[in-house]
Structure formats: structure tokens, C-alpha cells
Amino acid sequence: MSDQVTTPKTAENGAAPAAEGAPPAEMLLVRRPGSAELDPGKARARRRTLEIVLGIAVPLVLILWWQLAVQQKWIDARIYPAPQTILEDGWQRLVDGKLWPDIWATLKRVVPGFLLGSLAGYVVGLLTGSMPLVRAALEPMLDALYVVPKLALLPIFLLIFGLGETPQIVLVAVTVFFLIWIQTMAAVLAVPEGYREAATVFGANRWQMYRHILIPASLPPVVVGLRLASGMAVLVIVASEGLASPNNDGLGYLIFNAKNIFDNRAMYVGIIVVAIVGVLFSELVRYIGRLLTPWAPDRRGPGGA
Amino acid sequence: MARRRRAGMASVLLACTALLATSCVSSDDNAEGAKSAPSQTTPVQAVAGCEKGWTDPSDLSPTRAPARCAPNTPAAKPLAAKTKIVVTAGTLSAEYLGPLRLGIAKGEFAKENLDVELKQMPSTDAITLLAKGEIDALYSAPEAGMVNAAKQGFNVKWVFGNYSSDPKSKTGVWAKVKEGQTAEQVDLKGARFASLVGKTSIIMYPIERVLSKHNAKVTDVDFKQLDAQGVAQALENGGVEAAWLLDPVWKQFENKPGYVFLGGQPAGEPIGGMLYGPNLLEKNREVGTAFARALIRTVNTYFAGDYKADPAFTQELATVLGSKVELLSAVPSLVTDWEIRTGTTDKAQKMFIEGKVVEAPALTEDKLVDRSFYSEAVGHTGK
């Protein structure tokens, strides 16, 4: 921490400060450089370490309190199993191979749905963002559809596509589509007019305008949208599998079925695995996003690498 | 200062770890194991009007007449103080809730000094609240969740039944058939089967009975859990080969070429009803008995026979349930029955264990069923 010292500023000729009753003397603020200024690299590393420690310590403390609450019987372990019990149960399920089919079933629905929805949302977002007439034609309808709860569409998709995997994949795709469409359209609309004018001056055709201006300028915010959408995709598939899982599998089915049969351990295992899958999926999307947009600033925060 | 803060954080972590280290108790120690609450029933007195208010639970005859008392009996025995009781049900408009909802509307519970608060909640959520004592009673069935809760030591019990289907009702398993194929020729091995509820429901018991007559076991069938309308549509559009159809959905398949009824709920054997939790099983048994008495009185007064033969009553029932007269009139009256047959929970558990939703061994009936409330209400010793 840098020190601040305030001293009355003496007159330039070195005369004594003004006598009592006179206007206050001008103050001089002296600030010594702190560690961040003296050694920026070390300070950044220290900050990053602190962030990592906090990121681990906060959930760890909560988990420890939960464990303690169960062991001290402050809460009922049959309803809120201890983290240790959940971990042991989850590990046993992994070792026995009972968990993988559910994880795999969920991924088989989430990944294709996410890719389809992202692609469609991006293309439509580019078009509606760059072509006012297309925007005028589609935006009101898409806005209206956007607010429809996506899970409410599941029965309709079941009717249209039958009882297989397709309704689940389409549900994820539709959920992702709207997020990416809005994000892309907003990003394209936010591209400064000067960029477009410069491209026009250089004789860029429509394709070159997309290739060199609109796509690079819009991609960074779209990547942020993709991360949001990845979380939503996992969220929606878990709820959907809980409602109607085609083959009685998937993490959503695991959670809701465990709840139905009062198997709280399995339910919590499912919830934790969903959280892990969600984080990994989001991080994968972030990683791919950074590869696709090396020019974009990192949004990890001040300590970000 | 920063160093002091970090030290503080480390102290919290250390304190937690130390506390954990000093309390090396297995988290499973809370599980008390299935235990049965002692039946501390008050002395049973013969109740006027209820001379035929009891049948032997081991009488499994499909033609057994359900227990009945005279209308307006058993007479009310108001509790000393007005008592609120919270009951939940998965739906509030189903016909089988008629006795409960009409009883509330007609003041039968108020006569017992009971204030019944009825809430809608999925039974899979409500069973946890029942086990924790946050609700008093749950209108459901001895399903897998209830069995597992009992296995984990929670005191939840099935305390009275609800109904069995009228012989004319065709609620149950329906299947698609090829031209010229009869119901007896239907082979359900490997079939896709749609139902509103999955393997965790008591409905698996009657389904298994039907499957066994058609060359299949529960494990041979691919179950699809869909909503009520989805079940009918899946059967109609070929998404499944068989389905469990509820009232009055089966009416749209009756006499329709290509569909046959294979069987439904066992005659004379209720498979659902009221579950009590620790509040009524342990703390306030007299409240549980008063609740049973009011419900039984409502059945005897309004639902003793073919209650839908009276159009005015059907209209009143539809209003109370928030249902439609045409829906109620489309299907036969339910055979209301507050008693619980011997062995129903054994058969249900067999299905749950086969379906891998409950682990063996099965619980004995006394861990899941308590007939003392309705016995006491009608003045029978229960023996």
C-alpha cells in the first residue's frame, strides 16, 4: 500500500506559514509509489494468485460448513447428504460406469443442439444486423418467439419430431438460437459507421464487408453470448430430460428420477455433475472463442492473463 | 493490513478444518434405519352406523363389497381446539379427490374442528416435506419415493385407501393391434409403453399384471414417461405400442379399430390414498383420526354408491373440483374405498425392486401401512 503524506506547502521563498487567522496554506500531496508501480509484474502475479485462492477458498469454506453441519446433525443427512458422501457416491458411480451413460446422453443432446442453434443464430443475427429490410421482416416475430418459455415448446417438438433425440436437440438449438441471434444483431449494429465507410471507400463488396468488417467486429461479443448460451443449453437440457427423456437417461433424468425415488445422494451427484459439465462446457467455449478472436481483449478481469 | 486480512481468512479455513477433524462422525449416522412408530391409539369404541364399516384386509376377492357406514356416520368428535392441517395433492381437480374436496366444502372437516389447507404440489416434492413434518398429509400412493423414505428411517405411512375402478371402467393398459388381432394375442415383449408416471409409481403394479398376461416383464418394456395428452397422442401416432390411459382419455380409444383394452387396476384393491407423516403418526394422532373420520363420513354420505347417477350431484362435484360435468359423466363412478388390502405394498415393492428404483429387501407391511386411523374412526379394533 502506498503512503500518502500531506504537508503544508511553504512559500516559494521559504518564508514561514501564514499566521493564525490568515487563509489556509496550500497543501501538497505526496504519494510514494506502491508495489504495483515499483514491480508491476510481481503485483499482477500476486493479484492473480489472490484471485485463484479466493476462487477456491470461498466454495471450499462453504463445502466445509456443509460437511460440518451434517456431521454435527444440524441438518438431516438423509435430506442433505454430506459433501463427502456425495463425492464418495459420485466416485463409486463413475468407477462402476453408472454415470458415464447419463453424461454421454446429455452431451449427445447439448453439443449438436448448441452448434445448430449457434450457427443459425449467428447467420440470422448477421443478416438482421446488416440488412434493415430483413430486420424489419424478422425482428418482431423473433422478439415475440424469444419470450416464449422454451420448455413449453417441448410437447410441441415431441409431437412434431416424435419420441427420439430430435426434440431435445431442437429444444437446445432453439434456446441457443435466440441468445446468439440477439447478441450478433446487437454486435453488428454496434459496429462503428466509420468502419463500414472505410471499407466502402476501399471498394469492398458485400462479402468483403462481412469478411473484413462485420464478422471480425461482431465476433468478440458473440463469443460472450456463446458462453451465456452454453450455460443455458445445459440448463434447458437438464430440465427437458427431467420432463421427458427419450431413453430414460441423461443427467436431467438422473436428477429428477433420483428425486422421485427419494434417493437424495444420487440427486446431489447429478446436480454436481451438471455443474461440472456446465463449467467445462463454458470453459471450452471460452477457449475456442479466444482462439477465434485473438484480437479481442480478455475479460477475465484485472488479473487476467 | 493485507497480511492481517489473509491471516484472518486462513484462520477461518483452519477453524473449519479443525471442527471437521474433531467431529469424525460418519454422515450416515443420521440415518436411523426404518423404524415403526409405536401405535399409541386411543381405546377403540364401537361407532354407531359403522357396523359394516370394516372388512378383513386379507379378503382379496374382486367382488368384495367395500366397507360402508350409514350416511353421516361416523359421527363427528370435535377436537378440543381448532387445528390446522396441511394436505397436498398432485392435482386438485381429479375425481378421486372428490371426497376430500367435497368434505371441505360441506364442512365435514370443520365439524371435527379441523381447518384443512389443501395445496397442489407434485407428490415427489411433497414426500420430502411430509417426511420432514412440514406438511401433515399427502394424497398420493405407496410409491417408490415413499418406500425409500421409509427405508431411510422416515416415519411416513399409507393410512387409508381411495378407490378401486368400477368394473365398467377401462382405465388401464391399452395397446395397438393389427387387423384381426385379438386382445389375447397381443405380445408386449419389447414394446414401447407410454405412461404419465414412470417406474417409480405404484401404477407399475397393475401394469406388471397386464404385462405378465402378454408375454412381457417390466424389464422387457421400454417405458416412455409423457404428459397425459402426450400419452394418448403417442399411442395414436404410433410412437408407442401400448399405454396406460387415465379417465377419461381412454374414452377416445373405446370402440376405435386397432386399439384394445388389456386390463387395469385390480378390482377391489385401492392402490393409492392418504399418506401421513410424523406430525399425525406420532405427535397428533387424534388429529389424524379426526381427519380420517371426516373423510370416511364424507364417503358414506356422498360417495357410497354410484354417485354420478344423480346429475345434480355430478354438477356440484364438478363445481367443487373445478372440473367439467361432461368429463365426470363420461366415465363410471369410482368405487370409493378407504381400506387397504393386505399385500398391496408387497406387490408394489416387488415391482420397484425389479425396476431397480428400490433396493432389496422389501419392507414389511407394518413399516409402510397403518390401518389404525380408519379402524379407530369406524370403531374397529383392526383385528
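1. Cys50(B) is buried, with a relative accessible area of 7%; buried means under 20%, exposed over 50% and partly exposed in between, with a 1.4 Å probe and protein chains only. Cys69(B) also counts as buried, at 8% relative accessibility.

2. This is a predicted model, in which local features need pLDDT of at least 70 and side-chain atom pairs count only at pLDDT 80 or more, while totals for chains, interfaces and linings use all residues; side-chain values use heavy atoms, without hydrogens and water. Residues are numbered from 1 along each chain as its sequence is written, and chains are lettered from A and ligands numbered from 1 in the order written.

3. Cys50(B) and Cys69(B) form a disulfide with sulfur atoms 2.1 Å apart, the criterion being a pair of cysteine sulfur atoms within 2.5 Å. The link is right-handed, with 110° about the S-S bond. The two cysteines, 19 residues apart, both lie in the loop between α1 (2–22) and β1 of chain B. Helices (H or I, at least four residues) and strands (E, at least two) are DSSP runs, numbered from the N terminus.

4. Five strands of chain B form an open sheet of mixed pairing, in the order β2-β1-β3-β11-β4; strands pair if DSSP finds at least two bridges between them. β2 (114–120) and β4 (157–161) of chain B stand at the edges with a single partner strand each, so one side of each has no neighbour in the sheet.

5. Strand β1 (residues 83–89) of chain B runs parallel to β2(B), and seven bridges join them. Ala89(B) has Gln120(B) as its bridge partner in β2(B).
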